[in-house]
Structure formats: C-alpha cells, structure tokens
Amino acid sequence: MSPVRKGFRFTPLHLAGWLFADMLLVLALVSMGDRGDPLAAQAATRPSPSVSSADPDPSPTPSPTPQGPRSVERKPVKIHVTAAVGDRARMVKQLRSATARYEGRAAAFVMTFGQAVEPSDGQAYAREINKALRKARPDMFTDATTRDFWNGGSAGAADLEIYFYTR
C-alpha cells in the first residue's frame, strides 16, 4: 500500500503560473526569431572590392539601396486627444495637428488608451479614435496595427502611443 499525504490534492490551477511563464518564453523566442539580421542586410548592400587586372582604374558604382527588413522605433510618439464621444470631426482635426510633424512616415502600430469610467466605454472610445486616425492621415496609418485599451478617467479623452517604422 502506498503512502498518501493527507490534505494534498492536485488541481490544474497549480500549473497556471508555469503555463503563463512557458507562454511568455515562447512569445519571446518567436519575437527574437522574427527579427532580421541588420548586419547581414548591411553586408549585402556593400559592393564587393574586386579589381580586374584589365581595368586598373575601375569606375565607382553607386551602392544599392538597403534591402534589409524594416524595423520599428523603440520609443513611441505620445499624443493626447480630447474630444467628445462621437465628435469625429474634432478627433480628426486634433490628430492631423498632432501628427503633422511626422508626415511622410508610416506607423507600424498604435496603442490607444481611451479614458472612461467603464472599461467597455474606454475601449469603444479608443476604437473611435483609431478610426479617426485612418481618416486624418490615411497614408500614415492605413497599414498600421491598432489596439484599443481602457484607461480610467473621465470620458472624452485618449492617450496614444504611436510606434513608427525606422527611416
């Protein structure tokens, strides 16, 4: 007969922390594996230094444009917008003004924190702001990934964190 410890029962809840840690590790590995090698991209764009014996003074060839993967800037551009719920015209106007100095750049992703008392209302407001982004600057935000978050506070305001692609 095997000894049984009294008072100990195994429940799947005991594994929740380990499962979370394992999922975080997988996410980190996938993220690292997705990044391109910037040194290899630079090496591929440099012309090889080959000199032919028949042509002792070769004419210089222009270096090709970099062909490596785009990267995302680590520091976000932070913007605060204040407009009444449903006032899309004011949202667009403020977003155009706040992003004017970044014209010609493309956003990779945007995290929008809508302020409201209730989480669902804050996320709905953030969703409204993200739709206004595409109307305010379609060339900047058409392919950007947006996420709607809630931030406690009074309704009618949002904080945005915009991550642009590197130049």
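Biologist: Why is Y163 called buried?

Modeller: Its relative accessible area is 13%. Buried means under 20%, exposed means over 50%, and partly exposed lies in between, with a 1.4 Å probe and protein chains only. So Y163 counts as buried. Bear in mind that this is a predicted model, where local features need pLDDT of at least 70, side-chain atom pairs count only at pLDDT 80 or more, and totals for chains, interfaces and linings use all residues. Residues are numbered from 1 along each chain as its sequence is written, and side-chain values use heavy atoms, with hydrogens and water left out.

Biologist: What makes F109 partly exposed?

Modeller: F109 has a relative accessible area of 30%.

Biologist: Why are the rings of F109 and Y163 called stacked?

Modeller: Two numbers decide. A pair of aromatic rings is described by the distance of the centres and the angle of the planes. Rings of Phe, Tyr and Trp (its six-membered ring) pair if their centres lie within 6.5 Å; planes under 30 degrees apart count as stacked, over 60 as edge-to-face and the rest as tilted. For F109 and Y163 the centres are 4.6 Å apart and the planes lie at 15°, so the pair is stacked. F109 belongs to strand β2 and Y163 to strand β4, so the pair ties together parts 54 residues apart in sequence.

Biologist: How many aromatic pairs does the structure hold?

Modeller: Three. Another of them joins Y102 and F164, at 5.3 Å centre to centre with 25° between the planes, and is stacked too. Y102 sits in the loop between α3 (88-99) and β2 (107-116), while F164 is in strand β4 (residues 157-164), 62 residues away. Both Y102 and F164 are buried.

Biologist: What sits over the ring of Y165?

Modeller: The charged end of R70, 3.5 Å from the ring centre. The rule asks for NZ of Lys or CZ of Arg within 6 Å of the ring centre and within 35 degrees of the ring normal.

Biologist: What are the helices and strands here?

Modeller: The protein has five helices and four strands. Helices (H or I, at least four residues) and strands (E, at least two) are DSSP runs, numbered from the N terminus. Along the sequence the pattern reads α-α-β-α-β-α-α-β-β.

Biologist: Why do β1 and β3 count as edges of the sheet?

Modeller: The open sheet has four strands in the order β1-β4-β2-β3, with mixed pairing. β1 (77-82) and β3 (145-152) each have a single partner strand, so one side of each is left without a neighbour in the sheet. From one strand to the next, the twist averages 20°.

Biologist: Why is β4 called largely enclosed?

Modeller: Seven of its eight residues are buried, so β4 is largely enclosed by the rest of the structure.

Biologist: What makes N130 buried?

Modeller: N130 has 3% relative accessibility, so it counts as buried. N130 lies in helix α4 (residues 119-136). Contact means heavy atoms within 4.5 Å. Leaving aside neighbours within four places in sequence, N130 is in contact with V110, T112, T146, R147 and D148. Helix α4 itself lies across β1, β2, β3 and β4, at about 140° to β3. Axes are lines fitted to C-alpha atoms, for helices over the stretch in contact, and angles run from 0 to 180 degrees between N-to-C directions.

Biologist: Is R74 buried or exposed?

Modeller: Exposed, because its relative accessible area is 79%. R74 is placed in the loop between α2 (38-45) and β1. R74 and Y163 are 89 residues apart in sequence, yet 7.2 Å apart in space, C-alpha to C-alpha.

How values were computed. Pairing = 2+ DSSP bridges.
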